[in-house]
Amino acid sequence: DLSKRKPLTLVEYETVRGLPAVAAASPTVYTRQDLRFRGDRLGYVLVCGTDDVYPAIENWTVAEGRFLSLDDVRAARQVIVLGADVAKNLFPGGGGVDQEVRLGGYHYRVVGILEKKGSIFGESQDEIVNVPYTTFAKHWGIGTRRDVNISALAAPGRTMQEAIDEIRPALRRVRKVAEDAPDDFAINTSDQLIQQFNGITQ
């Protein structure tokens, strides 16, 4: 029963990232927090803790400024990248980059704004903010309370199925899943998610 499984952690992320068939892997962890700039407030904004390679895996493009850097992640800097709709609502006249905002009571410096991406499965992808996952862990915790999702890209010359064929046994091993027991985690490809959505909407 996946509802009773142990959450994925950063240990699994490090495991996946080190596999030969995986070119890149990125962790994502989520919460919702208030976002403020001076007297303006956006309530219950989706916050994604992630790393510097996430845009390459998920096809995000930066419209202004930059995305998170490896140095941001290593130093757990309080920097933030705004989704297009968040930026438009908080800075309707533009000029959000380099401004200081408060996220969940913590000061963050805006380093970038993402290109508009639209909706998927009826959910806006532009009402989100991104911070280093290391900073996220410092402020809101990562562990038993929050599941870490792992996005991965297959290495050049390798198929996604070949990558999955490495990822599955590696995760079973690090999570100490008994040989005769089913997986206590789920692996989804983009195609499977689209098929699931089409099944819901038909």
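A: At 11% relative accessibility, Tyr 133 counts as buried, the term buried meaning under 20% relative accessible area, with exposed over 50% and partly exposed in between (1.4 Å probe, protein chains only). Tyr 13 is likewise buried, with a relative accessible area of 1%.

The model is a predicted one, in which local features need pLDDT of at least 70 and side-chain atom pairs count only at pLDDT 80 or more, while totals for chains, interfaces and linings use all residues. Residues are numbered from 1 along each chain as its sequence is written, and side-chain values use heavy atoms, with hydrogens and water left out.

A pair of aromatic rings is described by the distance of the centres and the angle of the planes. Rings of Phe, Tyr and Trp (its six-membered ring) pair if their centres lie within 6.5 Å; planes under 30 degrees apart count as stacked, over 60 as edge-to-face and the rest as tilted. The structure holds five aromatic pairs. In one of them, the ring centres of Tyr 13 and Tyr 133 are 6.0 Å apart and the planes stand at 75°, so the pair is edge-to-face. This pair links distant parts of the chain, with Tyr 13 in helix H1 (residues 10-17) and Tyr 133 in helix H5 (residues 133-140), 120 residues apart. Helices (H or I, at least four residues) and strands (E, at least two) are DSSP runs, numbered from the N terminus.

Tyr 108 and Trp 140 form a stacked pair, at 6.5 Å centre to centre and with 5° between the planes. Here too distant parts of the chain are linked: Tyr 108 belongs to strand E6 and Trp 140 to helix H5, 32 residues apart. Both Tyr 108 and Trp 140 are buried. Ring pairs also join Tyr 106, Tyr 108, Phe 136 and Trp 140 into a cluster.

Strand E6 (residues 106-114) runs antiparallel to E5, and four bridges join the two; strands pair if DSSP finds at least two bridges between them.
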